[in-house]
Each structure stands twice: as structure tokens, then as C-alpha cells.
Amino acid sequence: MKTKRFLACLLASMMVCGAFTACGESSEGGKEEATTEATTEATTEATTEAAETTAPPQAADTADFEDPIGAESGDAYLAIVDGQWWIQYWGSVDDEGYMLAYDAGVATINGDGEYTVSVTADTNGFRYDTTGDVNDQYVPSGCSFASVIVKDGTTLYPNMSIDITSIKIDGNEVEMIAKPYTSSDDGKEMRSNIYNEWVSAAPEDAHTAEGSVYGNAEYSAQIVDKAVFADGWTTVEVTFNVTGTGA
């Protein structure tokens with residue numbers, strides 16, 4: 001038994017010595033080759049192992065998504081853009097802002113009266129589009145722009161006035177710090193700005209149901225402090241009165 005163990009040890013020693021001798025006789029290129037091969041093998045093994053243990057992405061069932069809502073001619077909607085210019089809604093299901101189109105509150109203007117428009121991030125479609133998972137949640141924050149807009153409102157109702165009476169963020173009433181007015185930027189739509197930092201004074205066509213408010217400092221394109229959006233928002237709801245439609 002001792003003899004067999006001695007011979008085994010001797011054989012192992014000879015193999016180790018042979019390996020060192022072979023290394024000593026090899027060129028530097030050979031060493032680099034061996035190192036590269038070993039590294040490649042290790043990387044391949046690690047990548048394969050990671051791939052085997054990572055679950056494949058699950059396809060979303062769009063049947064669980066809410067209907068995306070777009071504004072048609074004569075419809076009012078809440079145009080809104082978050083502080084990063086990523087989360088947006090412009091009354092369309094095709095343009096930028098599709099994420100907030102899911103279950104958007106759009107109102108068809110069919111005469112004078114009270115209407116409400118809204119957007120919400122509390123939908124499966126929004127959650128999936130922003131996070132890739134209907135069970136996750138992304139909360140928009142900040143505000144770069146907000147306005148009640150009536151598509152083709154100036155064309156359809158040239159004497160229309162939009163008087164915003166209530167703004168709620170996640171069910172909480174927001175204080176208005178200035179009076180709203182109605183105007184049109186392009187001669188087609190009709191709008192009442194909630195927060196528009198690019199307008200410093202009421203323009204020439206600015207008006208209310210009582211008449212022109214051009215140059216009147218009590219009326220503003222920023223009727224809320226944008227800080228009210230800073231901590232994040234999920235649902236924004238705006239109620240307003242419409243007059244001057246002739247119906």
C-alpha cells in the first residue's frame with residue numbers, strides 16, 4: 001500500500017514538473033493565448049449561466065389595457081406635459097402623449113354648460129408603457145404645460161368662452177392664483193391656459209364671457225403655481241363652464 005501511494009505521489013510530481021517545464025518553454029504569446037482562452041471560457045460560462053437563470057420577458061395582454069381616448073372635432077380635452085417633457089397628452093392616440101390617452105376624460109361640447117376633462121396615470125396601459133409591467137407604477141411629477149383645449153373650437157364656436165372653475169390633483173382642490181381667460185393660438189382651437197410659461201400677458205384675443213381682457217394683469221396664462229405638481233400626480237381633473245356657443 002505504501003509503495004503504491006509513493007508511486008502515485010511520484011507520478012503526480014512528475015506531471016506537475018512537466019507542466020511547469022512546458023510553461024517555461026512556451027513563448028509569451030502562448031501564455032497570452034492560454035490566458036485569453038481561459039477568460040473567454042469563463043465569460044461564456046457566466047453568460048450562459050445568467051441566461052439560463054433569467055426569466056424571459058412576459059408579453060403584455062393588451063386586452064387588459066383601457067381604451068385610449070382621442071379628441072374629435074368639437075371635443076374638449078386636458079392637454080398636459082410633465083416636468084421632464086416625457087409624460088404628455090395632446091388629445092391624440094397617435095402623437096406624443098399616448099401614455100395618458102388611456103381612459104382620458106374627453107368632453108364633447110354640444111352647447112353652453114359645465115364640462116369636465118381629465119387625465120390619469122392609474123391605468124394598466126400607462127403602467128406598462130412607462131415601466132414595462134402592469135403591476136408596477138410610474139408617478140409623473142412637475143408640470144411644463146397644462147391647458148383646457150377644444151379641438152376646432154374657434155372654427156366651430158368663434159364666440160366661445162371657457163371659464164375654469166375647479167382644478168383637482170388626485171382629488172384635492174388646487175388654489176387658482178390668477179383669473180383664467182380664453183384665447184386661440186392658431187385660429188382653429190380654443191383654449192384656456194392653466195400653466196403656460198411662454199405667455200407673459202393676456203394676448204389680443206384674450207376674452208371671457210364678459211368681453212376682452214387684453215392687457216388686464218388680473219388674467220394670466222399661469223393660473224396655478226406649478227409647485228402644486230412638484231410632488232407627483234396621478235389624476236388631474238378640470239371643470240369649466242362654456243358660454244357663447246349659441247346652443
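Which backbone nitrogen does the side chain of Asn-216 reach? In this predicted model, local features need pLDDT of at least 70 and side-chain atom pairs count only at pLDDT 80 or more, while totals for chains, interfaces and linings use all residues. Residues are numbered from 1 along each chain as its sequence is written, and side-chain values use heavy atoms, with hydrogens and water left out.

The side chain of Asn-216 reaches the backbone nitrogen of Glu-218, at 3.0 Å. Asn-216 is located in the loop between strand S10 (211-212) and strand S11 (235-243); helices (H or I, at least four residues) and strands (E, at least two) are DSSP runs, numbered from the N terminus. With a relative accessibility of 30%, Asn-216 counts as partly exposed (buried is under 20% relative accessible area, exposed over 50%, partly exposed in between; 1.4 Å probe, protein chains only).

Nine aromatic pairs were found in a search of the whole structure. Rings of Phe, Tyr and Trp (its six-membered ring) pair if their centres lie within 6.5 Å; planes under 30 degrees apart count as stacked, over 60 as edge-to-face and the rest as tilted. The pair of Phe-65 and Tyr-102 is edge-to-face, because the planes stand at 80°, with the ring centres 5.9 Å apart. Phe-65 is buried at 15% relative accessible area, and Tyr-102 is buried at 3%. Ring pairs link Phe-65, Tyr-102 and Tyr-128 into a cluster.

Phe-126 and Tyr-138 form a tilted pair, 6.5 Å centre to centre with 45° between the planes. Both Phe-126 and Tyr-138 are buried.

Terms used: A polar contact is a pair of N or O atoms within 3.5 Å; within protein, one must be able to donate a hydrogen and the other to accept it, and residues adjacent in sequence count only if both atoms are side-chain atoms.
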